[in-house]
Amino acid sequence: MTSAVNFAEPATPSRKQHRRSMTQSLRCCAAVLCTGLLAATAVQAQTPAPTWPSKPIRIVIPAPPGGITDGVARLVADHLQSNLGQPVVVDNKPGGSAVIAERAVMNAPADWHTLMIAPSSVWTDFPLTVKTPFDVHKTFTYVSDVASMVHMLVANNSFPPNKIQEVLDYAQKSSGPINIANLSPGTRSDMLGELLSEKSGGRITAVPYKGSAPAIVDLIGNQVQLTFEVVTNAAPLIKAGKIKALGVVSPNRSRLLPDVPSFAEQNMPDFVLPDASVGLFVLSSTPPSLVQKVRQEMDKVTQSPKFQAQLRSQGFDAPQPSTMPQLQQKMLSTVEQNRKILSKLRVAGN
């Protein structure tokens, strides 16, 4: 999820209501996930491939200008434009848990020149936690990783614990409130915050926010004590001494903060998740030959040394090379892992 957001006041629904909202579409998503992929393939096979690109390409993103997704999308647009010889424009459509952006792609002319770049969570996380007017798994196909994003748990500097287990121990002993800022519903930060709250036996209160910026402001001001944040955003604040790092969610440490141990190193396997990513989506009705063409063009971009250097300069990691089947399997595995976490939260919330 992009971290550029408007500075709005946090909402205040109860944690139990929030958990129920997170999981209301869980059962139906699990049932349609694999059949959706098969149905999309069948539709693709019926449609002949057009000449592509034959006009300017539009990349829709579910984020305002200036954030993580926007920056990555504009890098991709520059490289695609240079490689393909057609203008490539970025169209910002923030809001609605990505539904506004998704609708813009769905309603575009059926000439396959409108794509979407978004956090992978719009496919792996959101459909399990946010009710949408259409089936995201059937409607969109994830074609390419563009950039990897590592999440970590950060804290206010005055918060006593410095390790994950110390956080849980402190929560059991403390008589004062301990709040964790959860970012927009459906995001990985949201799910991880709820999981940490559940691990503490409800002693840590999850407070919903509409995005990263207001959450970080309140974290520095000690209105909340904890939040899960993307390392790209957190690293400058940690290095400046404004907040502190407690653990990295990825299986491995982040190259940006190599001294910060992972959750895995701190014997917290429940919190070890694959790196989130920003990636490129197409409609599942896109002809297979065109999907392959888009994939090939994206491989040229993401494997370019210049592009990878530009990503690193912005604090991202380049995606690991993978085949299309490997990429789809990673997405399905992440959905299943998220489903298990949410099932656990649903039981704990009852």
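Q: Contact means heavy atoms within 4.5 Å. Among contacts in the protein chain between residues at least 6 apart in sequence, what percentage join residues at least 24 apart?

A: It's 81%. Before we go on: this is a predicted model, where local features need pLDDT of at least 70, side-chain atom pairs count only at pLDDT 80 or more, and totals for chains, interfaces and linings use all residues. Residues are numbered from 1 along each chain as its sequence is written, and side-chain values use heavy atoms, with hydrogens and water left out.

Q: How many helices and strands are there in the protein chain?

A: Helices (H or I, at least four residues) and strands (E, at least two) are DSSP runs, numbered from the N terminus. Here you'll find 14 helices and 10 strands.

Q: What percentage of the residues count as buried?

A: Buried means under 20% relative accessible area, exposed over 50%, and partly exposed in between (1.4 Å probe, protein chains only). Of the chain's 350 residues, 56% count as buried. Take strand β4 (residues 140-149): 10 of its 10 residues are buried, so the rest of the structure largely encloses it.

Q: Which strand do bridges join to β4?

A: Two strands pair if DSSP finds at least two bridges between them. Strand β4 has eight bridges to β10 (residues 276-283), and the two run antiparallel. For one of these, look at Asp145, whose bridge partner in β10 is Gly279.

Q: Which residues touch the most other members of the largest nonpolar core?

A: Nonpolar side chains tend to be buried together in soluble globular proteins. A nonpolar core is a set of buried Ala, Val, Leu, Ile, Met, Phe, Trp, Tyr and Cys residues joined through side-chain atoms within 4.5 Å. The largest one here has 49 residues, and Phe140, Leu153, Leu196, Leu226, Phe228 and Phe263 touch the most other members. Helix α14 (residues 324-349) gives the largest share, seven residues. Setting aside neighbours within four places in sequence, Leu153 contacts residues including Ile164, Ile180, Leu196 and Phe263. Apart from this core lies another, of 36 residues, including Trp112 and Val143.

Q: Is Trp112 buried or exposed?

A: Trp112 is buried, with a relative accessible area of 15%. You'll spot Trp112 in the loop between α4 (99-106) and β3, with a positive phi of about 65° although it isn't a glycine. Asn222, another non-glycine residue, has a positive phi near 70°. Asn222 sits in the loop between α10 (212-220) and β8 (226-230) and is partly exposed, at 35% relative accessible area.

Q: Where does Pro53 lie?

A: Pro53 is in the loop between α2 (26-45) and β1 (57-61). Check the peptide bond from Trp52 to Pro53 too: that bond is cis, with omega near -5°.
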